[in-house]
Amino acid sequence: MKKVLKIIGIIILVVILILLIHTIRNYIIVSKLTDKISAYKESKNYNAKFVNTDKSGTITVMDYYRKDNKQVNFLERNYNGSITKLSFYNNGETVNLYAEDAEHKTVEKNSEGFMAIMIFNEIEFDKENNFFTNFLISSTAIITSEKCEGQDCYKFRNIFNLYNGDTYYINKNNGLSVKNINNDFTVIREYKFDCVEDSIFTEPDISEYEVRENN
């Protein structure tokens, strides 16, 4: 009986040791990726492009540019060949929204809607969290190395979210998100820095659009 208990004790210790090694490895990886992406957080000159394909086949492209206090966001939605375009121009004080589809071209001055794209990845540690919370996140993560969109990435999954297919690909070198997948959609992301020129903020000829009041 003592021999059986001893064997069980050894097995438990081995399992604990494996789990501890697994958690420490993941913690180090996520911590390094968090540090790497933090170098880009304060950037005021960048382009972020997201291509979202949902399970219905609808493709939505979001192409965002920022330079200092100027921002512009181009959205294009393709649903079964029907294309809708939205262009949000933010000059730092007001936002004008240009919309067009196959039949109409409209502009809404002083729009209240604007979607900025922040620089983030889905697995970075929240600096406000305590060590235990981040350690717990690391213990439930499954992290492997894989090529994605031609980049060396970490593939991240969480054991509690395997049922919905949540998968994140994070660039190993800069910590930026490259791709995420779940059962409902796939998003491919691309970031460029210090490349945005003033010309991108030139608004379309407003005379070509029907002006709509912001109610």
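Reader: What covers the buried residues of H1?

Author: Their cover includes helix H2 (131-139), E7, E8 and E9; contact here means heavy atoms within 4.5 Å. This is a predicted model, in which local features need pLDDT of at least 70, side-chain atom pairs count only at pLDDT 80 or more, and totals for chains, interfaces and linings use all residues. Residues are numbered from 1 along each chain as its sequence is written, and side-chain values use heavy atoms, leaving out hydrogens and water.

Reader: What makes H1 a helix, and which residues does H1 span?

Author: A helix is a DSSP run of H or I with at least four residues, a strand is a run of E with at least two, and both are numbered from the N terminus. H1 covers residues 2-38 and has 37 residues, so it meets the helix cut-off of at least four.

Reader: How does the reach of H1 compare with the expected span?

Author: From first C-alpha to last, H1 reaches 53 Å, close to the expected 54 Å. The expected span is 1.5 Å times one less than the number of residues.

Reader: Which residues of H1 are called buried?

Author: They are Thr23, Asn26, Ile29, Val30, Leu33, Thr34 and Ile37. Buried means under 20% relative accessible area, exposed means over 50%, and partly exposed lies in between (1.4 Å probe, protein chains only).

Reader: What makes Asp194 buried or exposed?

Author: Asp194 has 66% relative accessibility, over the 50% cut-off, so it counts as exposed. Asp194 also has a positive phi, about 55°, without being a glycine, and lies in the loop between strand E11 (185-193) and E12.

Reader: How do you know that E7 and E8 pair?

Author: Two strands pair if DSSP finds at least two bridges between them. Strand E7 (residues 141-148) and strand E8 (residues 151-158) have eight bridges in the antiparallel sense, so they pass that cut-off. Among the partners, Glu146 is bridged to Cys153 in E8.

Reader: Why are E7 and E12 called edge strands?

Author: In the open sheet of twelve strands, the order is E7-E8-E9-E10-E11-E1-E2-E3-E4-E5-E6-E12. E7 and strand E12 (210-212) each pair on one side only.

Key. Axes fitted to C-alpha atoms, helices over the stretch in contact; angles between N-to-C directions.
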